[in-house]
Structure formats: structure tokens, C-alpha cells
Amino acid sequence: MKPLSTEVRASFARFKSPLGRLVVICALAVGAMVAGSGADASEGRFIKAVAISPPPSGARQLCRKYSWACATRTSAPLTSQQEMKIIHRVNRQVNATTRSVTDFSQYRTAERWALPTSRGGDCEDFALLKKRDLIRAGVDPSKLLIATVLDAKRNSHAVLIYRSAGGDLVLDNLTNQIKSWSATRYLFLRMQNPRKPSGWVGVYARS
């Protein structure tokens, strides 16, 4: 993904629009509430949406390109144990068989969300492939949400969220470990809207 400085500049540009200003106002208001309430969002089992947000620049045509990426159809129910076995298997498989390659190296552009090619892909490409393969394996697509974050070094990153019955779990191309979102040390910025994955919400939550 783009370096943080580029992401920040792009965010400021978007904030010139009425929608962007609304996101900023909501984020500031929520930040104040979090500071005064002991960071409830950080301590919860599920990531909380706080405002409507524009999608990441590379995801603007995501639903048109991959209809399954924004699907809400409920699959045939699996038990929690069945789902977790599939989650672990797909996460390991994608991480093991997909090389990490930047968008600039492949496409000569800073940001392009797409399934990995034979050469590989970057973090959001890993997340997309995991989401597709999990849906094909029978996991309910409404439980699978792509999120953008700042990692422990505060670099831009993307992961796949699995909404388990016990809370939000993170599927990450940087590790085969599947952790609770609150155990990642990431700063969560945006994710697909749980109620309507074709849209995005701001979360602004620190793990």
C-alpha cells in the first residue's frame, strides 16, 4: 500500500468534500469520547463503526470488479468449529503460496486492488484472495470484511476481518497467527460496512 505520508495527503484532499468533513467531525467527536471513556472501542470484542467513510482509493471499483467482494448472501450455516478450521486453512494456504509484490512493481501505480497475479500481490490482494476462497469454502460473506490499518510501525496495511461469534479476528499476510483485532497493536482506520459491504465505515480504533 502507499506510504503513510501519501495516504495522509490523500486523506486531507478528500476532507475538502462535505462527506470528508463529516468524517473528520465524527472522528474527532468519537476520539474525544474514547479518550474520556477508557477507549471502549479498543476493549470491545468487535470493531465499532463510528462514521460513514469514503472507500480507499484502490477500492472504489471493487464491487464492480468482484461482485463477491461486496456480497451479503448468507451461506449454508457451518458450525463455529467448521468455520475456524476453514479460516486457519485458507489463511495459511494463501500466505504460503502468494508472494508479496508491490503494486508499483506489478502495475507501475501506487495503489491497485486486485487478486494476486502469478507474480504475487500486496496486502490488500492477499485479503481479497482470502475472502474469495473463504466464500467459496462456504463461510458466510457477511462475516468477512476487509479493513485498512496502520501496522505496529504505523505503515499503511490491509487485513481481512472474520466476524466470529466471539469477536473480530484478523487474517494477516504478515503472520499465520489469527489474532483478535485488539491483540494486533494496529490502528484500525476503515473497513467494509458490516451492514452493506459495498460501502465503507471509519472505525479509528487502536488495538
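**Notebook: cysteines and a helix pair**

I began with Cys70, which counts as buried at 14% relative accessibility (buried means under 20% relative accessible area, exposed over 50%, partly exposed in between, with a 1.4 Å probe and protein chains only). A note for myself: this is a predicted model, where local features need pLDDT of at least 70, side-chain atom pairs count only at pLDDT 80 or more, and totals for chains, interfaces and linings use all residues. Residues are numbered from 1 along each chain as its sequence is written, and side-chain values use heavy atoms, leaving out hydrogens and water.

Next I looked up the partner of Cys70. A disulfide joins Cys70 to Cys63, S to S 2.0 Å (a disulfide is a pair of cysteine sulfur atoms within 2.5 Å). The structure holds 1 disulfide. The torsion about its S-S bond is about -85°, so the disulfide of Cys63 and Cys70 is left-handed. Cys63 is partly exposed, at 27% relative accessible area. I also checked Cys123, which is buried at 8%.

Then I turned to two helices (DSSP runs of H or I, at least four residues, numbered from the N terminus). How do α5 and α7 cross? The axes of α5 (residues 80-97) and α7 (residues 123-136) come within 10 Å and cross at roughly 140°; axes are lines fitted to C-alpha atoms over the stretch in contact, and angles run from 0 to 180 degrees between N-to-C directions.

I looked up who touches whom (contact means heavy atoms within 4.5 Å). From α5 come Ile86, Ile87, Val90, Asn91, Val94 and Asn95, and from α7 come Phe126, Leu129, Lys130, Asp133 and Leu134.
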